[in-house]
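Welcome, and please open your viewer. We will walk from stop to stop, selecting one piece after another.

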Amino acid sequence: MGLKFCSIASGSSGNSYLVKSDNTNILVDAGISGKRICDGAGLCGVSPENIDGILVTHEHTDHIKSLRMMSRKAKNGEIFTSEGTACAIFEKMPALREKLVIKEGSFAVGDIEVRPFQLSHDAEDPVGFTLSSGGRRVTIITDTGVFSREMVEEAAKSDLLVLEANHEVNILHCGPYPYELKRRILSDVGHLSNETSAEFIYEMNEFRKNLGDDKPEQEPRILLAHLSRENNSPMQAVLTIKNRLFEEDMIIGRDFQMDVASHDRMGKLLEV
């Protein structure tokens, strides 16, 4: 028992993740082509008809691009999202009106418990998700301009944290984006920078120290996600976060494990 996680794609150009237990398969977001999603799921041993549910974090195109197609392919699964996101999707994709299930609290998909929680992004009602099964937990937090205590608490109790590290602030400032777009990315409803992601990891670690019996057995495993092609790189994200946490005597490989999800390449199927 437990969970497995795979990043099929993660970045500003499109996002989709697969979370699976022994008996249940869940897709989180469908922001890339349906073919890539089906091919990626297939490499994890999951056919579209065996997808039991699709979770949608928010209505931006890089998270719902292939939602219509996947709703047809995953004919045995339902689509779950928040009320505000559902209303926004109805406007873009009226054909999905009867297929969306609105969930505001914890719910079960097969043997996986799903807990949505609020994020801070310029969408109607964006959410992150914690998925639990067999005593293991995965928390997914991307597309948020700031982090809250609730997000930190969710992450602290999890075995795997998928955390946004969208941009390096200095690269964004000096880059070619128009001023208004830079303002949006840097705002409280934009995206987490590498520096802010490091602060999140530090706060999470501090919270974990006081969890007692609820503390996960292993040190946290962190997968940096939703990196910008133009304003970040895997090397830059790891370097900034590593250096900032070193100042707090937190060392990769000793206090936490860290990797980066790719835009273009499917990640490994991780045992959580």
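What you are looking at is a predicted model, where local features need pLDDT of at least 70, side-chain atom pairs count only at pLDDT 80 or more, and totals for chains, interfaces and linings use all residues. Residues are numbered from 1 along each chain as its sequence is written, and side-chain values use heavy atoms, with hydrogens and water left out.

**Stop 1**

Helices (H or I, at least four residues) and strands (E, at least two) are DSSP runs, numbered from the N terminus. Two strands pair if DSSP finds at least two bridges between them. Strands of a sheet pair through backbone hydrogen bonds, either parallel or antiparallel.

Select the strands β7 to β13: they form an open sheet of seven strands in the order β7-β8-β9-β10-β11-β12-β13, with mixed pairing. At the edges stand β7 (107–109) and β13 (257–260); each has a single partner strand, so one side of each is left without a neighbour in the sheet. On average, neighbouring strands here are turned by 20 degrees against each other, direction ignored; axes are lines fitted to C-alpha atoms, for helices over the stretch in contact, and angles run from 0 to 180 degrees between N-to-C directions.

Now highlight residues 127–133 and 136–141. These are β9 and β10, which run antiparallel and are joined by five bridges. Look for Leu 131, whose bridge partner in β10 is Val 138.

Contact here means heavy atoms within 4.5 Å.

**Stop 2**

How many residues of β12 are buried? Four of its five are, so defined because buried means under 20% relative accessible area, while exposed is over 50% and partly exposed lies in between (1.4 Å probe, protein chains only).

On one pairing, β11 and β12 run in the parallel sense over five bridges, and Leu 163 has Leu 224 in β12 as its bridge partner. On another, β12 and β13 pair in the parallel sense over four bridges, with Ile 222 opposite Met 258 in β13. Select residues 234–246 to see helix α9 lying across β12 and β13, at about 155 degrees to β13.

**Stop 3: helix α5**

Show residues 149–156, helix α5, where Met 151, Val 152, Glu 154, Ala 155 and Ala 156 are buried. Their cover includes β8 (112–118), β9, β10, β11 and α8.

**Stop 4: the pockets**

On a 1 Å grid over the protein atoms alone, a cavity is a set of points where a 1.4 Å probe fits but cannot get out, and a pocket is an open set with protein on both sides within 12 Å along at least five of seven lines; lining residues have an atom within 4 Å of a point. Grid points are joined across faces, edges and corners, and a volume is the space filled by probe spheres set on the points.

Select Leu 223, Asp 259, Val 260, Ala 261 and Gly 267: of the 21 residues lining the largest pocket, these lie nearest its centre. The volume of this pocket is about 420 Å³. Which strand gives the most to its lining? β13 does, with four residues. The lining divides into 12 nonpolar, five polar and four charged residues.

For the second largest pocket, of about 200 Å³, pick Ser 12, Asp 62, Arg 184, His 191 and His 226, which lie nearest its centre among 14 lining residues. Helix α7 (residues 179–186) gives the most to this lining, with three residues. The lining holds three nonpolar, eight polar and three charged residues.

**Stop 5: the other sheet**

Finally, display the open sheet of seven strands with the order β6-β5-β4-β3-β2-β1-β14 and mixed pairing. Its edge strands, β6 (100–102) and β14 (270–271), each pair on one side only.

Methods: Nonpolar A, V, L, I, M, F, W, Y, C, P; charged D, E, K, R; others polar.
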